[in-house]
Amino acid sequence: MIPLRIAILCPTPDYEEDWSHIRADYARLLGDSALFIDWTKADDFSAFDLVTPLLAWGYPRDSARWFGLLDQLEAENVQVRNPVSILRWNSDKAYLAELDAAGIPSVPTIFSPLLDRVALEDARKTFNVESLVVKPPISGGADGTFRLERDDIVPDSVAGQRMMIQPYLPNIAEEGEYSLFYFAGGFSHSILKRPAKGDFRVQEQYGGREEAVTAPQGALMLAQRALAATAEITKTGTLAYARVDILRDGDGIFRLMELELIEPSLFLRFAPDAGAAFAQALVTGV
């Protein structure tokens, strides 16, 4: 039975990305049970049976408020899916280093405490490439993400900041990025995302496009290993929802790009059951 009161944390009114189509999906699946609440205004959860951050887009722009909200949810023992411990762990992409140490191949990454030209040149030597991608460890929707060639200056918006530095992998444009979706531990569907011509970002707001595909066996195996390693590292059980983003490198090795366990776009229009398994997993946790 669907709980009578589900709080879906959502973006602030001035958030620039269009999330109305996703809201419509959740409203269709959850009906009057769901109430959409600006995540920055959410402070009293006593009226809800369940809280989910599935639409808390923009939280990396105010990470202090975000972590404070997680602390409150934990302190008040609010039922949250996915659980608060996972949300906190997944908020900072330092988790990639933990997964890499557990044997999960990811896109090679250097975490620079202070991004400058020296850090970039050191990374070029380490990776033996000319083209780099830099992004904040706490980020979403490609915010603060740049592709930098040798002659490019460090963008003012990220100069001196803690940043991730990765080699640019041309296969993001040539083949694309796979996203695999799991609900209550069960595989649901997969898509392939490609950037617009001349870009490297696969997000829709930058002209990226997606299509339903049959996930390659190597991608499926990596996704399952990544989720199993996550459960071991975090000491958590099966998650209500998960999106695993994977890229095949130039040597044919599938590598984890990101593990999306907080507020991923789930592309339910590509799910064979139109999202029924997702709704069941969110409501019941199984």
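Asparagine 82 sits in the loop between helix 2 (63–75) and helix 3. Helices here are DSSP runs of H or I with at least four residues, strands are E runs of at least two, and both are numbered from the N terminus. The peptide bond that joins arginine 81 to asparagine 82 is cis, with omega at about 0°.

Before going on, the ground rules. This is a predicted model: local features need pLDDT of at least 70, side-chain atom pairs count only at pLDDT 80 or more, and totals for chains, interfaces and linings use all residues. Residues are numbered from 1 along each chain as its sequence is written, and side-chain values use heavy atoms, with hydrogens and water left out.

Is asparagine 77 buried or exposed? Asparagine 77 counts as exposed, at 68% relative accessibility. The cut-offs: buried is under 20% relative accessible area, exposed is over 50%, partly exposed is in between, with a 1.4 Å probe and protein chains only.

There is another positive phi. Phenylalanine 267 is not a glycine, yet its phi is about 50°. This residue is in the loop between strand 12 (254–260) and helix 8 (276–284). Phenylalanine 267 is buried, at a relative accessible area of 10%.

Next, helix 3. Of its 8 residues, 6 are buried, so helix 3 is largely enclosed by the rest of the structure. The buried ones are Val84, Ile86, Leu87, Trp89, Asn90 and Ser91. What covers them? The cover includes helix 2, helix 4 (95–101), helix 7 (217–234) and strand 12; contact means heavy atoms within 4.5 Å.

pLDDT is the predictor's confidence in each residue, from 0 to 100. Helix 3 (residues 84–91) has the highest mean, 98. Strand 10 (residues 209–212) has the lowest, 86. The protein as a whole averages 93, and 97% of the residues score at least 70.

Move along to serine 106. Serine 106 is in the loop between helix 4 and strand 4 (110–112). Its relative accessible area is 7%, so serine 106 is buried. Setting aside neighbours within four places in sequence, serine 106 contacts Leu96, Asp100, Arg255 and Leu256.

Now isoleucine 165, in strand 7 (residues 163–167). Isoleucine 165 is buried, at a relative accessible area of 0%. Not counting residues up to four places away in sequence, isoleucine 165 touches a list of residues including Pro108, Ile110, Leu115, Leu120, Phe127, Leu132 and Val134. From isoleucine 165 to alanine 228 is 63 residues along the chain and 26 Å between C-alpha atoms.

On to helix 8, with two residues. Alanine 277 is in helix 8. Alanine 277 is partly exposed, at 34% relative accessibility. Its C-alpha lies 9.8 Å from that of tyrosine 241, which is 36 residues away in sequence. Threonine 284 is also in helix 8. Threonine 284 is partly exposed, with a relative accessible area of 33%. Threonine 284 and alanine 212 are 72 residues apart in sequence, and their C-alpha atoms are 27 Å apart.

Last, the whole protein. How many helices and strands does it have? The count is 8 helices and 12 strands. The radius of gyration is 19 Å, close to the 19 Å from the globule rule for 286 residues, so the protein is as compact as a globular protein of that length. That radius is taken over C-alpha atoms, and the rule is 2.2 Å times the number of residues to the power 0.38. The C-alpha trace spans about 55 × 40 × 35 Å along the principal axes.

Buried residues are 53% of the 286. Among contacts with a separation of 6 or more, 70% join residues 24 or more positions apart.
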